[in-house]
Amino acid sequence: MLCKYLQPKTTLRKKIPRHIAIIMDGNGRWAQKKGKIRTLGHKAGFKAVKEAIKFAIQNKIEVLTLYTFSSENWKRPKLEVVSLIKLFLFALKNELKYLNKYNICLKVIGDLTFFSEELQSCIYQAEKITLNNSGLILNIAANYGGKWDIVQGVKKIITAVHNGDLNINQIEEKTFSQYLSTSSLLPVDLVIRTGGEKRLSNFLLWQIAYSELYFTDVLWPDFNRFVFQDAMSYFSTRNRRFGGLIKD
Ligand code: IPE
Ligand code: IPE
Ligand code: MG
């Protein structure tokens with residue numbers, strides 16, 4: 001019998017990403033270039049978010065994860081942080097109809113305990129209302145950090161062992177993945193980062209061990225379906241070997 005790592009995996013040859021995660025960077029620079037304040041860049045970025053969602057639906061992407069606020073973004077000036085949080089709240093309150101209209105299921109990952117009760121309750125409401133929508137899964141990473149995700153997973157797994165629900169010998173990579181905030185989602189196929197930086201900035205760490213990475217200088221508010229298509233085309237040319245020797 002073949003060892004499980006030697007089983008042929010037909011999914012490895014798929015050319016269309018099922019789960020795309022985006023680091024939406026460059027809002028502040030976009031605004032500054034136009035002589036505007038940074039917060040206007042975030043507002044313009046919100047329009048690009050809607051474009052990206054539309055494209056994802058049209059192209060039958062199953063999961064779209066958007067990095068909206070990192071666990072390190074609290075270091076920014078208070079005014080900017082407040083305006084980002086207000087924008088998030090505004091979007092949740094005003095776009096619920098849109099989510100339902102387009103059959104989108106909303107999920108939010110990150111340490112939400114840092115947010116106001118109002119925002120937390122809006123998040124839970126929106127998740128609940130869209131739970132049975134069967135179209136695109138829109139996964140919003142808010143106050144998210146890849147390191148935070150791993151630490152909270154470790155805490156949960158230790159608790160499960162303590163409670164006798166899990167035996168330490170059962171802990172494998174797959175088991176550990178089930179304790180991460182992304183446990184219910186498909187693996188991330190493609191990560192896109194706009195804004196020119198080539199780093200992960202504490203985005204999904206464990207989850208993107210074998211994802212394809214696409215970097216573009218385009219600033220997030222200028223992101224549109226053409227840039228998205230470029231990223232998809234790049235992905236389609238990749239030979240995903242996962243350590244093996246699969247050829248196109
Ligand atoms: C990304 O744009 C949005 C967030 C981090 C919330 P930035 O605000 O980081 O924009 P730049 O990178 O400073 O241009
Ligand atoms: C990453 O962008 C976070 C988000 C896009 C939400 P940053 O602008 O915070 O990243 P750094 O500081 O350039 O690494
Ligand atoms: Mg930035």
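Which backbone N or O atom lies 2.9 Å from an oxygen atom of ligand 1? In this predicted model, the atom belongs to Gly-28, and the legends below begin with the surroundings of that ligand.

**View 1. The residues that come nearest to ligand 1.** Of the 13 residues found around ligand 1, those that come nearest are Asp-25, Gly-28, Arg-29, Arg-38 and Arg-76. Two of these residues approach the ligand through their backbone: a backbone N or O atom of Gly-28 lies 2.9 Å from an oxygen atom of ligand 1, and a backbone N or O atom of Arg-29 lies 2.7 Å from an oxygen atom of ligand 1. Asp-25 takes part through its side chain, from which a polar atom lies 2.8 Å from an oxygen atom of ligand 1.

**View 2. The surroundings of ligand 2.** Ligand 2 is surrounded by a set of residues that includes Ile-23, Met-24, Asp-25, Tyr-67, Thr-68, Phe-69 and Ser-70, and Asn-73, Arg-76, Arg-193, Arg-199 and Ser-201 also belong to this set. A polar side-chain atom of Asn-73 lies 2.9 Å from an oxygen atom of the ligand, while for Arg-76 the corresponding distance, again from a polar side-chain atom to an oxygen atom of ligand 2, is 3.1 Å. Asp-25, which is also among the residues that come nearest to ligand 1, has a polar side-chain atom 3.2 Å from an oxygen atom of ligand 2.

**View 3. The lining of the second largest pocket.** This pocket holds about 910 Å³ of space, and 41 residues line it, of which Met-24, Tyr-67, Thr-68, Phe-69 and Leu-84 lie nearest its centre. Several elements each supply at least two residues of the lining, among them helix 1 (27–33), helix 3 (78–94), strand 2 (63–70) and strand 4 (137–144), but the largest share, seven residues, comes from helix 2.

**View 4. Asn-143, a buried residue in strand 4.** Asn-143 lies in strand 4, and it counts as buried because its relative accessibility is 3%, which falls under the 20% cut-off. The side chain of Asn-143 makes a polar contact with the side chain of Trp-74 at 2.8 Å, and it also reaches the backbone oxygen of Asp-111 at 2.7 Å. When neighbours within four places in sequence are left aside, the residues in contact with Asn-143 include Phe-69, Ser-70, Gly-110, Phe-114 and Phe-115.

**View 5. Asp-189, in the loop between helix 7 and strand 5.** Asp-189 has its place in the loop between helix 7 (173–177) and strand 5 (190–193), and, with 13% relative accessibility, this residue counts as buried. If residues up to four places away in sequence are not counted, Asp-189 touches Pro-17, Arg-18 and His-19, as well as Ser-211, Glu-212, Phe-235 and Arg-240.

**View 6. Glu-197, in the loop between strand 5 and strand 6.** Glu-197 lies in the loop between strand 5 and strand 6 (212–215), and its relative accessibility of 27% makes it partly exposed. Although Glu-197 and Asp-217 are 20 residues apart along the chain, their C-alpha atoms are separated by 7.7 Å. Leaving aside its neighbours within four places in sequence, Glu-197 is in contact with Asp-25, Arg-29 and Phe-215, and of these residues Asp-25 and Arg-29 are also listed among those that come nearest to ligand 1.

Note on methods. Residues are numbered from 1 along each chain as its sequence is written. Chains are lettered from A and ligands numbered from 1 in the order in which they are written. This is a predicted model: local features need pLDDT of at least 70, side-chain atom pairs count only at pLDDT 80 or more; totals for chains, interfaces and linings use all residues. Side-chain values use heavy atoms; hydrogens and water are left out. On a 1 Å grid over the protein atoms alone, a cavity is a set of points where a 1.4 Å probe fits but cannot get out, and a pocket is an open set with protein on both sides within 12 Å along at least five of seven lines; lining residues have an atom within 4 Å of a point. Grid points are joined across faces, edges and corners, and a volume is the space filled by probe spheres set on the points. Helices (H or I, at least four residues) and strands (E, at least two) are DSSP runs, numbered from the N terminus. Buried means under 20% relative accessible area, exposed over 50%, partly exposed in between (1.4 Å probe, protein chains only). A polar contact is a pair of N or O atoms within 3.5 Å; within protein, one must be able to donate a hydrogen and the other to accept it, and residues adjacent in sequence count only if both atoms are side-chain atoms. Contact means heavy atoms within 4.5 Å. A residue is near a molecule or strand if one of its heavy atoms lies within 4 Å of it.
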